[in-house]
Amino acid sequence: MSATPEILDVGGLSVDYVLPTGDVRAVDDVSFTVDRGEFLGIVGESGCGKSTLLFAVAQLLAPPARIAAGSIRFKGTNLVGLTDTQLSAIRWRDMSVVMQSAMNALNPVMSIGAQFSDALRAHGKPSKQEIAARSAEVLRMVGIDPVHLKSYPHQLSGGMRQRSMIAMAMLFTPDLIIMDEPTSALDVVAQRALMAQIKDLQQAYGFAVIFVTHDMSLISHFSDRLMVMYAGQVDELGSTREIFDRPRHPYTQGLLEAFPSIRGPRVPLKGIPGNPPDLARLPAGCRFRPRCPLAVERCAQVAPDLYQVDAALVRCLRVGDASMSERADEHRSLTQ
Amino acid sequence: MSPTTELLRADHLARHFKIGGVTSRRTLHAVDDVSLAIGEREIVALVGESGSGKSTVARLLARVYEPTAGTITFGGKPVAAIRSRRDKLRYSGQVPMVFQDPFASINPVYRVQHGMLRCLKLHRRELSGKQRLDEAARVFTVVGLGADMLQRFPHELSGGQRQRVGFAMALAMRPKLILADEPVSMLDVSIRIGLLNLMAKLRDEEGVSILYITHDIASARYVADRLIVMYAGQIAESGPIEDVLASPKHPYTQLLLSAVPDPKAPLSQVTDRGEPPKVVNPAPGCRFRSRCPLAIDTCAQVTPVLAELAPGHEAACHVAQAGADVKAFAS
């Protein structure tokens, strides 16, 4: 175990989809770190590369996807280039993944208990009693009665399936759990209960979480830091509170303004006009420019870097402009 | 909001499904005793969890299912009396559905125009070929798609554009009431607002009423005039949307509201871990009682029915009807 607080350090990661018509870069030069016990939210629309990024970090990419550049250092080891055998030693034990659809991730013809025991036996030779004890323990941790170890996935409700996936991810109390929209198939009440539960477990057991979602409001109270992705790139990265209070990228601002609220006055919203770009035919300059209400001529010529603004990183050429700061402040007054 | 001229009403609608084998006596009560009215130029949001029966209500209103009990009245006439093919076509043109999955609801092997023109040919027989093309172009423009989109294939359109095609098709039939079943839930957040704005535009400019089925209360509030909350096949609460949100009477509505993620408000404490019951051969009693912190003895014996607690604002809760100030879940 390294002494640094970072458990995961992703540097300059690019992922290409190798297609006959030419390579398409789905993740473009993404860098971020996750500290021990931290909750990082990754937000973006469909096609922004968030799921590809997550699959790359978990080393689950399959052709035609391929890591074109960059490193993924997990507890000091670069995962890029490790063999399956080496990865197997890490999976479940140090890092686990909870997929979006538990119904597809769980084996429909095996009981929950049998699947737990499979994972446990992949890392050592536990006795039957040890398997039973640990399986029951993790199920209790997520609030499911251990009698359901005998249940098959179809016998559980959506919320219970998703919770049993999380229980399975915690079998070895890993250092990092990666979650890909684990709540999107659930109803709002179940969604909320699951979020609270993830947070409680995280506080109790100290694992770090990378949580990918398209719904910013869902993680507003749960994540420590937030990374907003657009068209394969990081658009904004900073503390969750800061981004919600003072979103600096026009895309982040647009996303936040796209949520109607159940409180306060009913205000007309505009959403974000247009659609995300086709990654095979990216516009010149800033990728958000065609949809951006604040674009100027310069945005069509210069591809913006990630600029440091206070504690946040923002990919926008106009971020230093006075009018932009005003807009961010305006947003703050609008939402309070 | 004062009630507008009534367009459609449903009285004591029920739909039961037999489940299990041939000899099974188990009946799933997908919808029980649902009464609702939709006025002209009105968007009514029907909100509930999955399995609460909200899609079944839409299908009953669209006559995809025959009701097990109850009646539907449209424009003052009972819908069950519609027998001839011509009248059925007329009804489905006046009350079309827009579906959740815009990827599955357009035939992928034809240009978008194909479905549009067939729809016009079937439902608007008076139009000539040229007029059909003009009408297709007109409705496309109304929903915010260029007329050139008619020549595209579905795979060339984004999810938001496809969903607009769904509304364009509905609009081409000159509908009175569009039954929109989760029309935005598969779309990206930044696209959703555009569709919600389109629904408001159809109401305001085309005079269409919409039954907006959703599980997202915030989006319901954004477009709807009235709100109906369903739980386990029954209506828990209904009323003018601002009234219901400002003072929800039913504990379930309070629970729903407390669970809505809101970055602008502090995190509310939701302790509920319950799940809606499967309503198979139900006994009398309130179906929410096992999750309800306020349940009293009556709740286990008598099924609560809707009663008006404020003007136009009804709830089916014994505790609320007894005059108590219901505060089951703080939002």
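**View 1. A glycine sits in the hairpin of β1(A) and β2(A).** In this hairpin, Gly22(A) takes a positive phi near 120°. The hairpin has 6 residues between its strands. The model shown here, and in every view below, is predicted. To find one facing pair, look for Val15(A), which stands opposite Val27(A) in β2(A).

**View 2. Strand β1(A) also pairs with β4(A).** Strand β4 of chain A spans residues 65–74. Here too the count is 8 bridges, and the strands run antiparallel. Start at Val10(A) and look across to β4(A): the bridge partner is Ile72(A).

View 3. Domain 1 of chain A takes in residues 6–223. Domain 2 of chain A is written in two pieces, 252–267 and 279–334. The C-alpha centres of these two domains lie 30 Å apart. Their contact takes 6 residues from domain 1 of chain A and 5 residues from domain 2 of chain A. Which elements of domain 1 each supply at least two residues of the side that touches domain 2? They are β2 (24–35) and α8 (216–219) of chain A. Strand β2(A) gives the most, with 3 residues. By class, this side of domain 1 of chain A has 3 nonpolar, 2 polar and 1 charged residues. Strand β2(A) is also the hairpin partner of β1(A) in View 1.

**View 4. Chain B touches chain A.** The contact takes 33 residues from chain B and 33 residues from chain A. Three helices of chain B each supply at least two residues of the side that touches chain A: α6 (189–206), α7 (217–223) and α9 (251–259). The largest share comes from α6(B), with 6 residues. What classes of residue make up the side of chain B that touches chain A? There are 17 nonpolar, 7 polar and 9 charged residues. For the complex, the predictor gives an ipTM of 0.79 and a pTM of 0.87.

**View 5. Helix α3(B) has buried residues.** Helix α3 of chain B runs over residues 112–123 and has 12 residues. From its first C-alpha to its last, α3(B) reaches 17 Å. That is close to the 16 Å expected at 1.5 Å a residue. Which residues of α3(B) are buried? They are Val112(B), Gly115(B), Met116(B), Leu117(B), Cys119(B) and Leu120(B). Their cover includes two helices of chain B, α4 (129–142) and α5 (159–172).

**View 6. Chain B holds an open sheet of 4 strands.** Read across the sheet, the order is β2-β1-β4-β5, with antiparallel pairing. Which strands stand at the edges? They are β2 (26–39) and β5 (77–78) of chain B. Each has a single partner strand, so one side of each is left without a neighbour in the sheet. Now look at β1 (residues 6–19) and β4 (residues 69–74) of chain B, which pair over 5 bridges in the antiparallel sense. One facing pair to find is Leu8(B), which stands opposite Phe74(B) in β4(B). Across chain B, the mean pLDDT is 89, and 97% of its residues reach 70 or more.

Notes:
Residues are numbered from 1 along each chain as its sequence is written. Chains are lettered from A and ligands numbered from 1 in the order in which they are written. This is a predicted model: local features need pLDDT of at least 70, side-chain atom pairs count only at pLDDT 80 or more; totals for chains, interfaces and linings use all residues. Domain bounds come from an automatic or database domain assignment. Two residues are in contact if their C-beta atoms, placed from the backbone, lie within 7 Å. Ala, Val, Leu, Ile, Met, Phe, Trp, Tyr, Cys and Pro count as nonpolar, Asp, Glu, Lys and Arg as charged, and the others, Gly among them, as polar. The expected span of a helix is 1.5 Å times one less than its number of residues. A residue is buried if 20 or more other C-beta atoms lie within 10 Å of its own, exposed if 12 or fewer, and partly exposed in between; C-beta atoms are placed from the backbone. pLDDT is the predictor's confidence in each residue, from 0 to 100. Two strands pair if DSSP finds at least two bridges between them.
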